[in-house]
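Subject: Handover of a structure, with findings

Dear colleague,

Please find below the structure that I am handing over to you.

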Amino acid sequence: MTILGIDIGGSGVKGAPVDAATGELLGERFRVPTPQPADVDSVATAVAGVAAAFDGFDRIGVTFPGVVVDGVTRSAANVDKSWIDAPAAQIFSDRLGMPVTVLNDADAAGVAEVAFGAGRDQSGLIMMLTFGTGIGSALFSDGVLIPNTEFGHVEIDGADAELLASDRIREAEDLSWERWAARVERYLRHVEMLLSPRLFIVGGGVSKKSEKFLPLIDIRTPIVPATLLNNAGLIGAAMAAHQAAAGPGGRHPGAVAVDATATR
């Protein structure tokens, strides 16, 4: 089954057809800027524009930068507040005329990395962190996703961690890689104290430059860059849509268990 994966980010909405069984992109990505303001109607129009660039698919998986429960978006830290409690899966399905599965963007990236990337065949507690407009988190216990964690919003010095160590803050404050790495290290030590994970996987757009900052970070937990880079979100979205179509018992071998109840 060929599924279209669409990844809604703070700066861009991108998509590509995906072979959900292998994690391979079956065509070039197509991207449009994330509308500003990123309200429900504007983002739905952008998603429809990305979908219109492709054909030959009958299901769509979409990532969203916030908590998603049963296809409803429950938070909207980095998009317009009109998304809070919006029936996102239904909105996208009505606009696109086919089933749509919606899940948190960091969860989607983690699903892809644990199935096909840096977290493959890893046991224990694994945490994927995406550094971009904010900080997204995805947590896995022996390969099973614990959905909708929000560890980018843990409090450090009275403020959200993503206001200290996101990639957007690095750019906005024109931080050197050394100064930013020190902030990321402080954040990771805090998460270590809370969870004691077996592995950190660092994703998001900044993962393409991991050699500039990961060697500067000194923590106890092994830390590796995501291998699927900026494609992880749309691959994970396609995997979630594939599992929603197949039902709980229809996962392909090695697939990560994700919540398939987000389809409408």
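The notes below describe what was found, topic by topic.

**Basis and confidence**

This is a predicted model, in which local features need pLDDT of at least 70 and side-chain atom pairs count only at pLDDT 80 or more, while totals for chains, interfaces and linings use all residues. Residues are numbered from 1 along each chain as its sequence is written, and side-chain values use heavy atoms, with hydrogens and water left out. The score pLDDT is the predictor's confidence in each residue, from 0 to 100. For the protein chain its mean is 92, and 93% of the residues reach 70 or more. Two stretches should be read with this score in mind. Over residues 250–257 pLDDT stays under 50, and the model has 23 contacts beyond four places in sequence for them; a contact means heavy atoms within 4.5 Å. Residues 259–264 also have pLDDT under 50 throughout, with 21 contacts beyond four places in sequence.

**The sheet**

Helices (H or I, at least four residues) and strands (E, at least two) are DSSP runs, numbered from the N terminus. Two strands pair if DSSP finds at least two bridges between them. An open sheet is formed by 5 strands in the order 11-10-9-14-15, with mixed pairing. Strand 11 and strand 15 are the edge strands, each pairing on one side only. From one strand to the next the twist averages 30°; axes are lines fitted to C-alpha atoms, for helices over the stretch in contact, and angles run from 0 to 180 degrees between N-to-C directions.

Helix 3 packs on this sheet and touches strand 9, strand 10, strand 11 and strand 14, its direction making about 45° with that of strand 10. Helix 6 (residues 177–195) packs on the sheet as well, touching strand 9, strand 10, strand 14 and strand 15, and its direction makes about 150° with that of strand 9.

Why can strand 14 be called largely enclosed by the rest of the structure? The reason is that 5 of the 5 residues of strand 14 (residues 199–203) are buried, where buried means under 20% relative accessible area, exposed over 50%, and partly exposed in between (1.4 Å probe, protein chains only). In a regular strand the side chains alternate between the two faces of the sheet. Here both faces are covered: Leu-199, Ile-201 and Gly-203 are buried on one side, and Phe-200 and Val-202 on the other.

Strand 9 (residues 125–131) runs parallel to strand 14 and is joined to it by 5 bridges. Within this pairing, Ile-201 is the bridge partner of Met-128, and Leu-129 stands opposite Val-202. Strand 14 also pairs in the parallel sense with strand 15 (residues 223–225), over 3 bridges; there the bridge partner of Ile-201 is Val-224.

Thr-130 belongs to strand 9 and is buried, with a relative accessible area of 15%. Apart from neighbours within four places in sequence, Thr-130 is in contact with Ala-106, Ala-109, Ile-135, Gly-136, Gly-203 and Gly-204.

**Two helices in contact**

Helix 3 (residues 105–116) and helix 7 (residues 232–246) pack with their axes 7 Å apart, at an angle of about 85°. That angle makes helix 3 roughly perpendicular to helix 7, a term for angles of 65 to 115 degrees. Among the residues making the contact are Ala-108 and Phe-116 of helix 3 and Ile-235 and Met-239 of helix 7.

Most residues other than glycine have a negative phi, and most peptide bonds are trans. Which bond is a cis peptide bond? It joins Gln-36 and Pro-37, with omega about 0°, and Pro-37 is found in the loop between strand 4 (30–33) and helix 1 (40–51).

Asp-142 has a positive phi of about 50° although it is not a glycine. Asp-142 sits in the loop between strand 10 (135–141) and strand 11 (144–146) and is exposed, with a relative accessible area of 54%. Asp-157 has a positive phi near 55°, lies in the loop between strand 12 (155–156) and strand 13 (159–160), and is exposed at 65% relative accessible area.

Yours sincerely

Terms used:
Parallel < 35°, antiparallel > 145°, perpendicular 65-115°, else oblique.
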